[in-house]
Amino acid sequence: MKTAQPGILAPVPPQGRYLFFTLKQASALREALMRLAPLVDGPQAVVGIGPDVVAALGATVPGLRAFAALKGPGVEVPATPTALWCWLRGTDRGKLVHATRAIEKALAPALRLDRVIEAFRHGRGPNGHGRDLTGYEDGTENPEDAAAEKAALAHRQGAGQNGSSFVAVQQWVHDLDAFEAMGTREQDNMVGRRRRDNHELDDAPASAHVKRTAQESFKPEAFVLRRSMPWAYDRQYGLMFVAFGKSFDAFEAQMRRMAGLDDGIVDAMFQISRPVTGAFFWCPPVRQDATGMRLDLRQVGL
């Protein structure tokens with residue numbers, strides 16, 4: 001679908017940078033977003049708008065809602081509302097720094113850049129996807145081609161919505177010492193796949209991550225398009241989990257099951273990892289005008 005922000009469907013890049021903005025001056029929002037629109041013109045940047053920004057504009061986006069915190073048996077999934085999110089993508093970190101500065105200036109004073117997370121592609125798994133820092137391939141079950149568009153993008157919703165997407169963004173922090181203290185078989189059972197060849201284990205326990213999140217096992221099926229990347233800062237490490245969908249329903253179904261809210265079985269990944277943030281965003285489509293490609297903000301009145 002040509003109206004989607006190109007970076008949504010493109011493969012995970014070698015370098016990534018996640019920008020998180022707070023709403024500071026609602027009266028300046030319209031001008032700020034109009035300055036941002038032409039900066040999001042291709043695969044180098046993906047932008048998501050949070051519910052607070054849409055509300056401040058006096059607009060509505062059907063299906064957009066706030067991320068809901070969850071508590072399961074011994075686990076917590078926090079909600080950290082964020083006004084605007086940007087995923088910068090590329091091969092040169094220096095260029096991502098300059099892109100950050102341009103976006104930050106465009107959005108001031110309406111929005112303030114509060115947090116930046118550097119991310120990267122790690123290795124390559126047996127199916128060609130990048131690996132998590134645990135060494136397991138990430139995104140093995142991603143839908144592809146037409147199936148990816150069907151899972152990730154809005155269809156038949158009208159101008160200003162067709163090609164848009166809803167994205168769930170979480171920062172997960174890994175305890176790599178705890179992971180490395182496990183035996184190879186225990187690690188594979190936690191994930192539900194053999195790390196060396198990505199083969200799914202038929203005899204993995206019910207708590208295995210693969211079994212908890214098998215997209216076709218939900219009713220209705222819960223397919224999302226994962227575009228996650230590892231991150232590292234100082235002596236902390238983890239995964240920026242990013243899942244695009246035609247709605248938030250599939251992500252929420254998977255997250256509830258992972259937290260043990262369906263059947264009391266908690267996803268084994270919680271043994272070595274935990275989410276510390278969680279937010280929902282709407283990614284507007286793009287359109288061509290006389291000056292080039294830009295964000296299509298008609299749905300929010302711009």
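Okay, before the residues, a word on ground rules. What we have is a predicted model, where local features need pLDDT of at least 70 and side-chain atom pairs count only at pLDDT 80 or more, while totals for chains, interfaces and linings use all residues. Residues are numbered from 1 along each chain as its sequence is written, and side-chain values use heavy atoms, with hydrogens and water left out.

Let's start inside. The largest nonpolar core has 54 residues. By nonpolar core I mean buried Ala, Val, Leu, Ile, Met, Phe, Trp, Tyr and Cys residues joined through side-chain atoms within 4.5 Å. Buried is under 20% relative accessible area, exposed is over 50%, and partly exposed is in between, using a 1.4 Å probe and protein chains only. Which residues have the most contacts inside this core? They are Leu33, Leu36, Leu84, Leu107 and Leu111. Take leucine 107: setting aside neighbours within four places in sequence, leucine 107 touches Phe21, Ala32, Leu33, Leu36 and Leu84; contact here means heavy atoms within 4.5 Å. Apart from that core lies another one, of 25 residues, with Trp87, Val173, Met229 and Trp231 among them.

Now, the helices. When I say helix or strand, that's a DSSP run: H or I and at least four residues for helices, E and at least two for strands, numbered from the N terminus. Two packed helices are described by the angle between their axes and the distance between the axes. For H2 (residues 29-36) and H4 (residues 93-107), the axes come within 7 Å and cross at roughly 150°. Those axes are lines fitted to C-alpha atoms, for helices over the stretch in contact, with angles running from 0 to 180 degrees between N-to-C directions. H2 and H4 are therefore roughly antiparallel to each other; the cut-offs are under 35 degrees for roughly parallel, over 145 for roughly antiparallel, 65 to 115 for roughly perpendicular, and oblique for the rest.

Who meets whom? On the H2 side we have Ala32, Leu33, Arg35 and Leu36, and on the H4 side Ile103, Ala106 and Leu107. By class, that contact has six nonpolar, no polar and one charged residues. For the classes, Ala, Val, Leu, Ile, Met, Phe, Trp, Tyr, Cys and Pro count as nonpolar, Asp, Glu, Lys and Arg as charged, and the others, Gly among them, as polar.

Staying on H2, Leu29, Ala32, Leu33 and Leu36 are buried. They sit on the same side of H2, because they cover an arc of only 95° around the axis. The arc is that of the directions from the helix axis to the C-beta atoms.

Helix H9 (residues 249-258) gets a similar look. Its buried residues are Ala250, Phe251, Gln254, Met255, Arg257 and Met258. They span an arc of only 165°, so they are on the same side of H9. What do the buried residues of H9 pack against? The partners are strands S3 (70-72), S4 (75-77), S7, S10 (236-245) and S12 (279-283), plus helix H8. After H9 comes glycine 260, with a positive phi near 80°.

Glutamine 215 sits in the loop between H8 (209-212) and S8 (225-226). Is glutamine 215 buried or exposed? Buried, with a relative accessible area of 7%. Beyond four places in sequence, glutamine 215 contacts Glu141, Glu221, Ala222, Phe223, Val224 and Gln254.

On to the backbone. Most residues other than glycine have a negative phi, and most peptide bonds are trans. Here are some exceptions. Alanine 108 and proline 109 are joined by a cis peptide bond, omega about 0°, and proline 109 is in the loop between H4 and S6 (111-120). Lysine 219 to proline 220 is cis as well, with omega near -5°, and proline 220 lies in the loop between H8 and S8.

As for phi, asparagine 198 has a positive value of about 65° although it is not a glycine. Asparagine 198 is in the loop between H7 (184-191) and H8, and is buried at 6% relative accessible area. Aspartate 234 has a positive phi too, near 55°. Aspartate 234 is in the loop between S9 (229-233) and S10, and counts as exposed, at 66% relative accessibility.

That's my tour, thanks.
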